[in-house]
Amino acid sequence: MSDANGRCGNPADLFDRRHGVSGSAGVLLPDGPQIDPLKITLDQPDDFDGWREAARELVMAGVPPMGVVWQVAGEDGELFGSEGAAPPSSGQPMFSVPKPFIDMAKAAICHSEPQRFALLYTLLWKLKANRRALEDRADPLVDRLEKLAKEVRRDAHKMHAFVRFREVAEDGTTRFVAFFEPDHHIVRREAGFFVRRFATMRWSILTPELSIHWDPASEILSEGPGANRSQAPDGDPLEDMWRTYYSSIFNPARLKVKAMLKEMPKKYWKNMPETALVAPLIAGARARELEMIERAQAAPRPGGNLEAAWAALREEAMHCTRCDLFRCGTQTVFGEGPLDPRIFFVGEQPGDQEDLAGRPFVGPAGQLFDAALEKAGIDRSTTYVTNAVKHFKFVLRGKKRIHARPDTAEIDACKWWQEQERALIRPPLTVALGATAARSLTGKTVTISKVRDAPLLLADGSECWVTVHPSFLLRIPEEDRRQEERARFVEDLQRIRARSEELAG
């Protein structure tokens with residue numbers, strides 16, 4: 001606890017010094033007369049508006065920090081103090097506080113630290129006398145409150161990352177339910193994030209303190225009582241997708257068990273389907289790392305300048321805002337592969353799993369692509385694979401993010417990155433997988449059936465072959481036609497492999 005001057009000490013220090021407080025409020029001396037401090041009761045443990053209103057009245061009435069005690073309705077109350085209104089205002093005009101104080105207070109007030117209200121009021125009292133008090137980084141009070149705010153923000157980050165919805169049938173409709181155990185009072189504070197992220201879903205997040213429920217039909221966010229883990233469902237069919245995603249992004253060369261446990265504490269594991277894979281992935285990490293090293297050593301390496309230029313280009317693309325799609329996807333999904341490939345593949349855009357993994361062609365279409373390459377005798381590790389559009393465009397349908405085709409403006413906006421990749425790598429043969437890639441490479445709309453069997457000449461004089469996108473093969477409903485089209489796709493790749501060998505001499 002800090003006193004009015006910001007000195008920290010025992011919470012009882014609030015009552016251990018004599019201090020006149022506008023008549024009625026005061027302090028308690030251990031061996032002297034008892035003076036009753038003013039008791040303020042807030043409605044909720046995260047009641048920032050209630051605290052701000054009360055603090056504003058108190059500070060303008062001249063009530064110092066030791067003249068007020070704070071409590072939350074329904075929690076164990078303070079032993080000292082009397083309920084009542086703040087003394088009349090001093091009549092002085094209200095003073096303003098720096099915006100960083102408001103931001104810090106909104107976060108710190110959600111902390112589970114019982115003295116957070118008193119600490120914030122003490123700092124507010126100091127700001128009245130010195131508006132620059134918040135800039136004193138050596139002040140233990142400022143340091144303590146910043147740490148509280150930081151811990152709340154970290155807890156919010158974990159809630160964003162570790163909430164896992166399970167699909168349940170309810171009254172003929174679907175509801176998505178998740179259970180989460182935050183360390184602090186952050187559920188109301190973070191509800192807006194989940195409303196924006198899952199606006200079309202009917203969902204509930206259950207926590208021991210309270211539950212929140214979102215109904216997209218009425219656009220009403222409501223609260224309910226707290227719940228325990230047994231009241232949430234255990235799993236649903238979509239959890240296989242999470243396991244596939246987690247195993248696809250697992251990089252054994254970057255495994256740091258202590259760091260992983262720090263960022264993903266075990267207390268959250270029981271709510272996360274992918275954590276069942278952690279133990280076997282760690283156990284096999286060394287073998288996978290050796291395999292990666294062996295492949296890297298076997299692959300020919302281009303010059304260091306090219307690698308540096310490509311790395312700089314990729315880093316720049318990570319912050320791309322050339323079109324509004326950067327607001328849609330999780331991250332930029334840049335190309336990958338050796339920088340001296342014989343074949344340079346261009347797809348349409350990353351899908352759901354590619355968006356999460358940050359790598360091209362790792363989802364169902366990527367698995368079909370890999371299988372077709374193998375049948376055609378092409379080693380993917382010798383090719384460069386990228387997309388015409390680097391961000392995932394989708395529409396929400398319940399819990400699922402459904403692919404939406406990029407429009408011409410988005411293709412043209414992202415064309416700059418594909419051209420920069422090709423300008424650095426200078427591939428002798430480029431393959432457009434689908435119409436979007438073909439438009440990005442040629443600058444015009446092409447009909448795949450008309451250009452599929454012969455190369456096009458690109459502006460730099462290299463060859464471009466056009467074939468279908470693997471996702472097209474996944475969407476064919478008729479079994480016979482699906483097998484026929486997959487066989488033709490493999491034939492295209494075999495023809496492309498033969499041509500690449502001819503170009504290589």
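Tutor: Gladly! Two strands pair if DSSP finds at least two bridges between them. Strands (E, at least two residues) and helices (H or I, at least four) are DSSP runs, numbered from the N terminus. This is a predicted model, where local features need pLDDT of at least 70, side-chain atom pairs count only at pLDDT 80 or more, and totals for chains, interfaces and linings use all residues. Residues are numbered from 1 along each chain as its sequence is written, and side-chain values use heavy atoms, with hydrogens and water left out.

Student: How do you know that β9 is joined to β10?

Tutor: Four bridges link β9 (residues 343-347) to β10, and the two run parallel. Within them, Val346 faces Thr386 of β10.

Student: What makes β10 and β14 edge strands?

Tutor: The open five-stranded sheet has the order β10-β9-β13-β15-β14, with mixed pairing. β10 (384-387) and β14 (456-457) each have a single partner strand, so one side of each is left without a neighbour in the sheet.

Student: Which strands does helix α17 lie across?

Tutor: Helix α17 (residues 479-504) lies across β9, β13 and β15, at about 170° to β15. Such angles run from 0 to 180 degrees between N-to-C directions, with axes fitted to C-alpha atoms, for helices over the stretch in contact (heavy atoms within 4.5 Å).

Student: Why is Ser211 called buried?

Tutor: Buried means under 20% relative accessible area, with a 1.4 Å probe and protein chains only; over 50% is exposed, and in between is partly exposed. Ser211 has 2% relative accessibility, so Ser211 counts as buried.
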